[in-house]
Amino acid sequence: MLPSTIDKDTVFKADKLYIVGQDVVISEGVTVTFEEGCEIQFYDERAYYNSPSFIVYGTLNFEGTAENMIKLAPNQHHFYYTCNIINHGVVNISYMDAINLNIQSKPYSGSTTNAHIEDSYLKSNVAFNKAYLFTYTNGSIKNTDYRLCVESLKRCYLDLFSALGSVYTSDLS
């Protein structure tokens with residue numbers, strides 16, 4: 001299980017499953033990196049599920065590769081819940097296979113955060129329709145399962161339940 005606070009630069013390697021079972025605060029000035037092949041699972045064993053979050057004041061990097069993507073998902077017993085990143089710092093994601101990723105500046109907000117996602121497969125677990133966006137800048141993607149409020153989204157495959165999804169942007173190139 002990941003600690004509740006990370007207050008020094010840390011690199012996680014793909015040698016075990018990392019559990020986010022409580023809110024994990026990344027302190028200001030601290031860089032946390034998950035290397036290629038890491039598996040991160042969000043899990044809360046309480047009877048009433050309260051999806052834990054990464055709360056980022058520093059920098060959170062997910063550095064997967066095309067051959068060895070990072071996997072991020074909720075626990076199989078809570079498959080319909082989100083993998084939250086509350087971002088007050090910087091989030092960089094490359095080559096991630098994520099289910100129900102939710103990036104916001106605060107819970108249930110729609111404001112854009114300093115987050116950048118590239119070359120990733122992002123899906124909702126109730127998705128029936130697919131969309132591919134080559135470049136998406138300064139906007140928000142939302143549906144009932146997750147919300148992405150990011151600065152840039154490039155070469156990502158989105159698998160969303162489009163009847164409930166919306167795309168908001170001020171700059172789509």
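**Exercise 1. Strand pairing**

Find which strand pairs with S12 over three bridges in the parallel sense and includes residues 121-123.

Solution. Step 1: strands here are DSSP runs of E with at least two residues, numbered from the N terminus, and two strands pair if DSSP finds at least two bridges between them. Step 2: the partner is strand S15 (residues 121-123), parallel to S12 over three bridges. Step 3: within this pairing, Asp97 stands opposite Tyr121 in S15. Step 4: S12 (residues 96-99) also pairs in the parallel sense with strand S9 (residues 70-74), over three bridges. Step 5: here Lys71 stands opposite Asp97.

The model is predicted: local features need pLDDT of at least 70, side-chain atom pairs count only at pLDDT 80 or more, and totals for chains, interfaces and linings use all residues. Residues are numbered from 1 along each chain as its sequence is written, and side-chain values use heavy atoms, leaving out hydrogens and water.

**Exercise 2. Overall make-up**

State how many helices and strands the protein has, and what share of its residues is buried.

Solution. Step 1: the count is zero helices and 18 strands, where a helix would be a DSSP run of H or I with at least four residues. Step 2: buried means under 20% relative accessible area, exposed over 50%, and partly exposed in between (1.4 Å probe, protein chains only). Step 3: of the 173 residues, 50% are buried. Step 4: a contact means heavy atoms within 4.5 Å. Among contacts between residues at least 6 apart in sequence, 63% join residues at least 24 apart.

**Exercise 3. The nonpolar core**

Name the residues of the largest nonpolar core that touch the most other members.

Solution. Step 1: a nonpolar core is a set of buried Ala, Val, Leu, Ile, Met, Phe, Trp, Tyr and Cys residues joined through side-chain atoms within 4.5 Å. Step 2: the largest one has 35 residues, and Phe34, Ile40, Phe54, Leu60, Phe62, Leu101 and Ile117 touch the most other members. Step 3: strand S17 (residues 147-160) gives the most to this core, with five residues. Step 4: not counting residues up to four places away in sequence, Phe34 touches residues including Leu2, Phe12, Ile40, Phe54 and Ile70.

**Exercise 4. Gln41**

Locate Gln41 and identify the side chain that it joins in a polar contact of 3.3 Å.

Solution. Step 1: Gln41 lies in strand S6 (residues 39-42). Step 2: a polar contact is a pair of N or O atoms within 3.5 Å; within protein, one must be able to donate a hydrogen and the other to accept it, and residues adjacent in sequence count only if both atoms are side-chain atoms. Step 3: the partner of Gln41 is the side chain of Asn75.

**Exercise 5. Positive phi**

Describe the phi values of Tyr95 and Asn100, and decide whether each is buried, partly exposed or exposed.

Solution. Step 1: most residues other than glycine have a negative phi. Step 2: Tyr95, not a glycine, has a positive phi of about 55 degrees. Tyr95 lies in the loop between strand S11 (90-94) and S12, and counts as partly exposed because its relative accessibility is 27%. Step 3: Asn100 has a positive phi near 60 degrees. Asn100 lies in the loop between S12 and strand S13 (101-104), and is buried because its relative accessible area is 0%.
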